[in-house]
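Subject: Model handover and notes

Hello,

Here is the structure we talked about handing over. Please open it alongside this message.

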Amino acid sequence: MIQYNLLKKLTEACAIPGDEGIVQSLIKDDLTPSSQKIQFDNLGSIICHKKGNPKKITVALVAHIDEVGFIVRDIDKNGFIRLHSLGGISPYQVIGSRVLIKDQYLGCIYADKDPAQHISIDNLYVDAGFSNKEEVLAYKIHIGDSVSLRSTTEYWEDQGIIAAKALDDRVSCFIGMEVFKNLAEQQLDCNLVFIGSAQEEVGTRGSKTATNLVKPDIAIILDVASCKDTPQFSQQTRVMKKGPCLCVADKSALGNRSLIELFSTIADKHNIPYQYDILGGGGTDTGSVALYGIGIPAMALITPVRYCHTATSLVHMDDIKNEIDLLTLVIQSINEETFKSILPIPPK
Ligand SMILES: [Zn+2]
């Protein structure tokens, strides 16, 4: 059984881009016993170095700690709050969701016109029960304050499903942290660093600054993407319960082919299911991390998640377990020779 309580805490924490402190704290508390040192960049990322470093090469696991959300754009005279989104949110998919304003005040989202017509984020408002603008201001709520989706995490035991908000990307934080702890007491042939990157949803910002601090030789980006196995899609790709996805390409980067092959070879050897994947619609931190220095071998390992960027996303426990097992085995296999073998070979 995985540490469900930790995953519940990570997913219920509200941390929109630029406001990631609570997730930083959860990671710091959990990984301090396994860390030689913990660092922070100036954008909100956390960096944990495994005990027993340093070897000659450094592998970074990168999972973003922010989640999509909103900030207050305006407050109208009747006390309704208008929203500016941070990250890609469909207005149709958040109507009826509960929110938390400034981590303190509850509210719910509705739209100012029939959602059967075209609506945008500008049509959304939060009803937090205030009677007028003066009342909202008296609670010291102002433009720019955070408005986070709020949702209770549940484990649907019979189906093996976890239902939660912010599985993008807290399930990856969880997976990276579990792998880090699995390996804490082991002698590895590489240094291991876990980066919880800030501000990914608004342009993969924290991974750029954190990478400058870590200077990794190899990076494995842990992220999620929406499954295409639900009734909206005719083509069944990125299927729940079929294992972690080896990302060949996303909008920001191409996965390092040799690194992808390392994953598939080890998965085959240990009978761990996996899927090849292309993220046609979005980018990941791979784009910024792979461009560090003169470029580093990097790839994204994607957990299949249904209904990303909503108040209720779903992930299967088997996919989590398989990804933890595969990632642990891959890191155990990495040494200086592996590193040399995955670098591109210049022509003679
Ligand atoms: Zn993500």
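This is a predicted model: local features need pLDDT of at least 70, side-chain atom pairs count only at pLDDT 80 or more; totals for chains, interfaces and linings use all residues.

Domains

The domain assignment gives two entries for the protein chain. Domain 1 covers 4–67 + 165–342, and domain 2 covers 69–150. Their C-alpha centres are 31 Å apart. Eleven residues of domain 1 and 14 residues of domain 2 make the contact. On the side of domain 1 that touches domain 2, five residues are nonpolar, two are polar and four are charged.

Helix packing

Start with helix 1 (residues 4–12) and helix 4. Their axes come within 9 Å and cross at roughly 145°. The crossing is right-handed. Helix 1 contributes Leu6, Leu7, Leu10 and Thr11 to the contact. Helix 4 contributes Leu167, Arg170, Val171, Cys173 and Phe174. That contact of helix 1 with helix 4 splits into seven nonpolar residues, one polar and one charged.

Next, helix 2 (residues 21–31) against helix 4 (residues 167–182). Here the packing angle is about 15°, and the axes are 11 Å apart. Angles under 35 degrees count as roughly parallel, and helix 2 and helix 4 are therefore roughly parallel to each other. Helix 2 passes helix 4 in a right-handed crossing. From helix 2, the contact uses Ile27, Asp30 and Leu31. From helix 4, it uses Cys173, Met177 and Phe180. By class, the contact of helix 2 with helix 4 has five nonpolar residues, no polar and one charged. Note Cys173 of helix 4: it takes part in the contact with helix 2 and in the contact with helix 1.

Leu262, Phe263, Ile266 and Ala267 make the contact from helix 6. Leu326, Leu329, Val330 and Ser333 make it from helix 8. Seven residues of the contact of helix 6 with helix 8 are nonpolar, one is polar and none is charged.

Backbone points to check

Helix 4 has one more item. The peptide bond from Asp168 to Asp169 is cis, with omega near 15°. Asp169 is placed in helix 4. Please look at that bond by eye.

Thr204 has a phi of about 45°. Thr204 sits in the loop between strand 12 (191–197) and helix 5 (205–214). Is Thr204 buried or exposed? Thr204 has 22 other C-beta atoms within 10 Å. The cut-off for buried is 20 or more, so Thr204 is buried.

His309 has a positive phi of about 60°. His309 lies in the loop between strand 16 (298–305) and strand 17. With 24 C-beta neighbours inside 10 Å, His309 also counts as buried.

His316 is in strand 17 (residues 313–316). His316 counts as buried because it has 23 C-beta neighbours inside 10 Å. Which residues does His316 contact, leaving aside neighbours within four places in sequence? They are Gly160, Ile161, Met240 and Lys241. Gln159 is 157 residues from His316 in sequence, yet the two are 8.2 Å apart in space, C-alpha to C-alpha.

Lys56 is in the loop between strand 2 (46–50) and strand 3 (58–64). Lys56 has 11 other C-beta atoms within 10 Å. The cut-off for exposed is 12 or fewer, so Lys56 is exposed. Asn191 is 135 residues away in sequence, and the C-alpha atoms of Lys56 and Asn191 are separated by 7.4 Å.

Best regards

Methods. Residues are numbered from 1 along each chain as its sequence is written. Axes are lines fitted to C-alpha atoms, for helices over the stretch in contact, and angles run from 0 to 180 degrees between N-to-C directions. Helices (H or I, at least four residues) and strands (E, at least two) are DSSP runs, numbered from the N terminus. Angles under 35 degrees count as roughly parallel, over 145 as roughly antiparallel, 65 to 115 as roughly perpendicular and the rest as oblique. A crossing is left-handed if the near helix is turned anticlockwise from the far one by less than a right angle, and right-handed if clockwise. Two residues are in contact if their C-beta atoms, placed from the backbone, lie within 7 Å. Ala, Val, Leu, Ile, Met, Phe, Trp, Tyr, Cys and Pro count as nonpolar, Asp, Glu, Lys and Arg as charged, and the others, Gly among them, as polar. Domain bounds come from an automatic or database domain assignment.
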